[in-house]
Amino acid sequence: MFGRRRIQLKSNAELAAMSRAGVVTSLALDAAVAAAVPGATTADLDTAFRAVLNEHGASSNFLGYHGYPATVCTSVNDEVVHGIPGERVLRDGDIVSIDGGAVVGGWHGDSARTVLVGTTHDPADQQLSDVTRAAMWRGIAAMATGTHVGDIGLAVENHVRAAVGARLGILEDYVGHGIGTEMHMAPDVPNFAIKHRGPRLTTGMALAIEPMLVRGDIETRVLDDDWTVVTVDGSRASQWEHSVCLHSQGLWVLTAEDGGAAELAPLGVHPVPIPGT
């Protein structure tokens with residue numbers, strides 16, 4: 001899984017520059033989330049995200065990536081990841097994961113959120129999103145306190161397994177990744193416990209931490225568009241993601257405007273702004 005690919009380590013100045021891409025990614029996701037209402041199409045979410053990128057002079061790291069045709073992925077209900085925006089109309093009770101990123105000055109940001117559209121008819125959908133989101137933050141906290149990349153996945157899995165009343169599956173075929181001058185870089189960041197603890201967590205490292213959970217079996221398949229990944233059993237899915245870095249003074253969540261302070265403080269972690277920002 002981890003292989004021998006070289007991990008890109010950044011200086012404080014480079015991480016400060018990278019944080020600008022993270023903030024734009026966050027603002028663009030704000031707009032896409034706000035657009036996710038009953039009656040909107042998934043293309044409307046893409047339009048909202050793209051407008052913010054244009055406003056800030058940023059480009060999309062999704063558009064054209066291995067031929068991908070849009071600026072975000074919009075994965076609805078049983079679609080886990082890589083759903084292509086289009087004419088699909090969002091309906092009351094849908095659950096949609098929006099995944100997108102920005103490039104500013106050659107540096108990448110990548111983040112995802114799950115939205116419950118309109119009125120949530122099934123409390124299990126709310127629980128699915130809540131557990132996925134909380135597991136992501138436990139993984140981020142582990143990046144601050146742990147010693148190896150594998151500690152992140154252990155923290156994610158421990159939270160999911162401890163969730164009261166939830167029997168959720170953690171996808172194993174799709175994992176987090178390093179990020180920097182490219183969107184997908186070494187190392188892989190599993191969302192589950194592994195025997196090999198992986199590379200040591202090191203100053204200058206930036207990782208995209210992105211648990212993907214399902215309400216049923218973790219087996220997936222790819223649709224004929226060669227992108228959209230769906231659950232084989234039709235169960236609903238959720239994805240949450242942040243890009244996070246370790247700099248000389250501590251940890252900072254690049255795709256959260258407060259660096260993750262509000263969510264991490266209850267977990268005993270206090271993000272430190274990157275020197276120079």
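A residue is called buried here when its relative accessible area is under 20%, exposed when the value is over 50%, and partly exposed in between (1.4 Å probe, protein chains only).

The structure is a predicted model, in which local features need pLDDT of at least 70 and side-chain atom pairs count only at pLDDT 80 or more, while totals for chains, interfaces and linings use all residues. Residues are numbered from 1 along each chain as its sequence is written, and side-chain values use heavy atoms, with hydrogens and water left out.

**The annotated sites**

Let us start with what the record says. UniProt, in an unreviewed entry, lists Asp99, Asp110 and Glu241 under "binding site". These three span 143 residues in sequence, yet no two of their C-alpha atoms are more than 8.0 Å apart, so they gather at one spot. Asp99, Asp110 and Glu241 also belong to the lining of the largest pocket. A pocket, on a 1 Å grid over the protein atoms alone, is an open set of points where a 1.4 Å probe fits, with protein on both sides within 12 Å along at least five of seven lines; its lining residues have an atom within 4 Å of a point. The UniProt positions follow the numbering used here, feature names are shortened, and annotations may be inferred rather than shown by experiment.

The unreviewed entry in UniProt also lists Asp110, His177, Glu210 and Glu241 for "binding site". They are spread over 132 residues of sequence but cluster in space, with a largest C-alpha distance of 10.7 Å. The lining of the largest pocket takes in Asp110, His177, Glu210 and Glu241 from this set.

Now for a look at individual residues. Asp110 sits in strand 5 (residues 107-116); strands (E, at least two residues) and helices (H or I, at least four) are DSSP runs, numbered from the N terminus. Asp110 is buried, at 2% relative accessible area. Its side chain makes a polar contact of 3.2 Å with the side chain of His177. A polar contact is a pair of N or O atoms within 3.5 Å; within protein, one must be able to donate a hydrogen and the other to accept it, and residues adjacent in sequence count only if both atoms are side-chain atoms.

Glu210 lies in the loop between strand 9 (206-209) and strand 10 (212-214) and is buried, with a relative accessible area of 6%. The side chains of Glu210 and His177 are joined by a polar contact of 3.3 Å.

Glu241 is found in the loop between strand 13 (237-239) and strand 14 (242-247), and it is buried at 0% relative accessibility. Leaving aside neighbours within four places in sequence, the residues in contact with Glu241 (heavy atoms within 4.5 Å) include Asp99, Asp110, His177 and Glu210. Ser111, in strand 5, is buried at 0% relative accessibility, and its side chain reaches the backbone oxygen of Glu241 at 2.7 Å.

**The nonpolar cores**

A nonpolar core is a set of buried Ala, Val, Leu, Ile, Met, Phe, Trp, Tyr and Cys residues joined through side-chain atoms within 4.5 Å. In the largest one, of 22 residues, Leu45, Phe49, Leu53, Val96 and Ile98 touch the most other members. Helix 1 (12-35), helix 2 (42-55), strand 2 (72-76) and strand 4 (95-104) each give two or more residues to this core, and the largest share, 6 residues, comes from helix 1. Apart from this core lies another, of 20 residues, among them Val189, Leu201, Val253 and Leu264.

**Salt bridges**

Side chains of opposite charge can pair when their charged atoms come close. With a salt bridge taken as a side-chain nitrogen of Lys or Arg within 4 Å of a carboxyl oxygen of Asp or Glu, the count comes to 9. Here are some of them.

| Salt bridge | Closest N to O |
|---|---|
| Arg88 and Glu79 | 3.2 Å |
| Arg197 and Asp151 | 3.1 Å |

Asp122, Asp125, Arg215 and Arg236 are linked in a network of salt bridges.
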